Each structure stands twice: as structure tokens, then as C-alpha cells.
Amino acid sequence: MALEQELKSCYCDLHVHIGKASNGQSVKISGSRDLTFAGIAKEAAERKGIELIGIIDSHSPPVQQDILDSLDSGEMTEAKGGGISYRGTTIVLGAEIEIREPGRKECHVLAFMPNLNTMKDFSGWMSRHMRNINLSSQRLYAPARELQDEITGRGGLLIPAHIFTPHKGLYGCAAEQMAELFDLKRIAAVELGLSADSEMAGYISELDGYTFLTNSDAHSLGKIGREYNVMELAEPSFHELQLALERKAGRRVAANFGLNPRLGKYHRTYCSGCGSIIDEDFATSDRCPYCGSPKLVQGVLDRILHIADREVPNVPAHRPPYHYQVPLDFIPGLGKAKMNVLLQAFGNEMNIIHKAREEEIASVAGQDLASKIIAARSGVLELSVGGGGTYGKVVQQGKQQKDKS
């Protein structure tokens, strides 16, 4: 039986966008044209070393045609347990959907389906409540709980996306409690987003029972895996993912790897009037302390403290460790040439990040870069804070490395 199989650790990133379908149809307008279904599969399997990847624009009919073409050609196969298999990597099929309840701001949720036929059926339903089913992250003109019924009724997984970001995060702008929008018993997990970690989320008791996910929300191939999870699974598949989120039969999320929240684009409150990131002492003010403008974008940390129902965060025993990790492309001095040398030596990015020893890295890329990679691995690089849609940066000898967003 599958439940008796020996478990293994799998690297998982469950939030990757499609830029264009192979017929040229735009899917995610802000996404890279290299983000095709086949391109993502190849990047995850060969360069990143990610074994379970969630493509969250699989509801789009042109993308579904690309999937069918890959299956018909034999390049990919349908995975046992659900998903699409490519060279040891399994793609789980998802959709990012925008909802807006009356009197509230909009927020995004992720819906994952067990197989292509179920996703096609779900897309058929959404197309009757959506203006353009071909595009990513489109508004659904139906109640949140009706959407929840349609997802769970098909055996799917509903996961609120980047829950704390001021830009279309559930807690970030749409509600102070998730129960205001959804039946909490039918939420599969929650995605923290790039500007929050487990301890910050521990201020909100409503979240205590949920599995946390850290995903990349990648809009380019290079950003795949900038945040990811380690899961204990028998094999990478939809069914095993579901068991891991439910923490059943030994399956689980064993670790979250994410940006230090200081690097996140929305970590601190930001003044769009003068471009300043607001210091903590002034973050609860209605106006910018520097220019007096009321045009403030509340940061993730400040929003969490505003809606918190605890004075001290609580991290339940079932929650896996959250590891601060600076992505490789944030590291000063690590350009394309050096990266290619490292990939040739170690195979993929997960091997560079987790398995290569410092002396091994130094032997192919030099001691200075090896020291930085090890410091990034352990989360000890000095950082400047992010806010207002601008990433924080790695600080090196008084200088800041420009982020390639």
C-alpha cells in the first residue's frame, strides 16, 4: 500500500506562474515569456532540483492544451497519485483566483486539483463567473464560500495565497479573520508570502491548526525556488501533497525555507508620497513622519501587529522550523558565469544550497563566493529592510547589492 512506503524528502514550490502558452497567448501579463508549462518543468527538474512544483495557471485553456500536447508526445505522463510527471519532477495543477466579497478589498487564493480532467471541469465552472478564463489571477464573480464548495467538492485543495501582503493578501487587506470569508474546516493550508514567517503568523490564534507553506510566487524562471518547502512524501504527487498538508500517515511539511522577512517587498510600512520606509516607532501613524503624506502602504509586520489577538506569538509543536535563506540570485558577485560553473559541478541549485560543502564550493568558485553562499544558507548575511513593493537587499561592506526583481 502507498501509505506503507518509505518516505523521502522532496523540495516543493507550489506557486509558479505561466507567462505565455506555446501558441503565444499571454497568461500572466507580468510573467516572463519563458514561463511556459514545458519551460517550468524543465527548469524545476534540471536546474532547480525541485521535485514537486505547483503551476497555478493550469486553469487556462491554452495551458491545458500545452499539457495535453506534452502528454500526447510522451514527453510527460500523468503521475500516479495525481499530477503531471516529468523527469522525476511532478507538476500539480493549480489556479490563482481573485475574490472580492461585498464591502471588502480583493484577495487571492490558490486552488489545486487532483488531475487534468478535474481541472478542466473546474475551469468550465469558473468560465461562467469570470470575464477571461485564459488569464492568470482573474476576478471570480461568485461568493467566496461558493468557490470553496466548488473546489472541495471536486476533491481539490483551497489555500489562501500570500495571506499577509497588502497587495491582495487575505489578512493583508480583505479581512481581519479568515472565518469572515471561508469555512475554516475546509482550508487545506495557508501560504505565508515573502514578507512573513512562522513566528510573525503566531500572533494570530486562528492559524494555529494550519500547515504553513512558503512558495516563490515566481514571475520568471530564475525566481522559482526563492522560497520552498521540504516535504516528507512517499513520492511527489497530488495525493501525497494532500496527506502532507493534513499531516497524516507520516507525511508532513518538514521545513519551510523562505526569505528573511526583512527582504520581502512589503515587510514594513511605506510612504508612496516620499518613498520612505517607516521606522517601527512611527508605523502606526496615519501620516508619514518624514513628509506628512497620508499615502501609506501598511507593511506586513505592522498589519499583523494591528490584527493580532496575542501579545506574544505562539508557534505550535506541529509547525516545522522556518529557515531564513537568501536566494542565490540575491548574493553579491554570483552572476551567470559563476552560477553555470556551480551548476556544472553540483548539478542543481538545491544541491548548491543544501549539500555542497564550503570547501567544495570554494574549489570551483573561490573562497569569497563560497563564504557568502554558506552565510546565505544559514541566514546570517546582513540585510536592509524592504517595503512598498521594493525588495530588501543584502548589505556587503557598506554597499547594497541591487536586486534583480
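Mentor: Let's settle one term: a residue is buried under 20% relative accessible area, exposed over 50% and partly exposed in between, using a 1.4 Å probe and protein chains only. This is a predicted model, so local features need pLDDT of at least 70 and side-chain atom pairs count only at pLDDT 80 or more, while totals for chains, interfaces and linings use all residues. Residues are numbered from 1 along each chain as its sequence is written, and side-chain values use heavy atoms, with hydrogens and water left out.

Now to your pairs. The structure holds 20 salt bridges, each one a side-chain nitrogen of Lys or Arg within 4 Å of a carboxyl oxygen of Asp or Glu. Take Glu98 and Arg139, whose side chains meet at 2.8 Å, N to O. Glu98 belongs to strand β5 (residues 89-99) and Arg139 to the loop between α3 (116-127) and α4 (144-153), so this bridge ties together parts 41 residues apart in sequence. Those labels are DSSP runs numbered from the N terminus: helices are H or I with at least four residues, strands E with at least two. Glu98 counts as buried because its relative accessibility is 5%, while Arg139, at 22%, is partly exposed.

Next comes Arg100, which pairs with Glu106 at 3.9 Å, N to O. With 45% relative accessibility, Arg100 counts as partly exposed.

Then look at Asp208 and Arg310, where the closest N and O atoms are 2.4 Å apart. This bridge links distant parts of the chain, 102 residues apart: Asp208 is in the loop between α6 (198-201) and β9 (212-213), Arg310 in the loop between α8 (300-307) and β14 (322-324). Arg310 is partly exposed because its relative accessibility is 22%. Some bridges also share partners, and that joins Glu43, Arg47, Lys48 and Glu349 into one network.

While you're there, have a look at Gly49, in the loop between α1 (37-48) and β2 (52-55). Gly49 counts as buried because its relative accessibility is 13%. Apart from neighbours within four places in sequence, Gly49 has contacts (heavy atoms within 4.5 Å) with Tyr11, Ala44, Asn348 and Met350.
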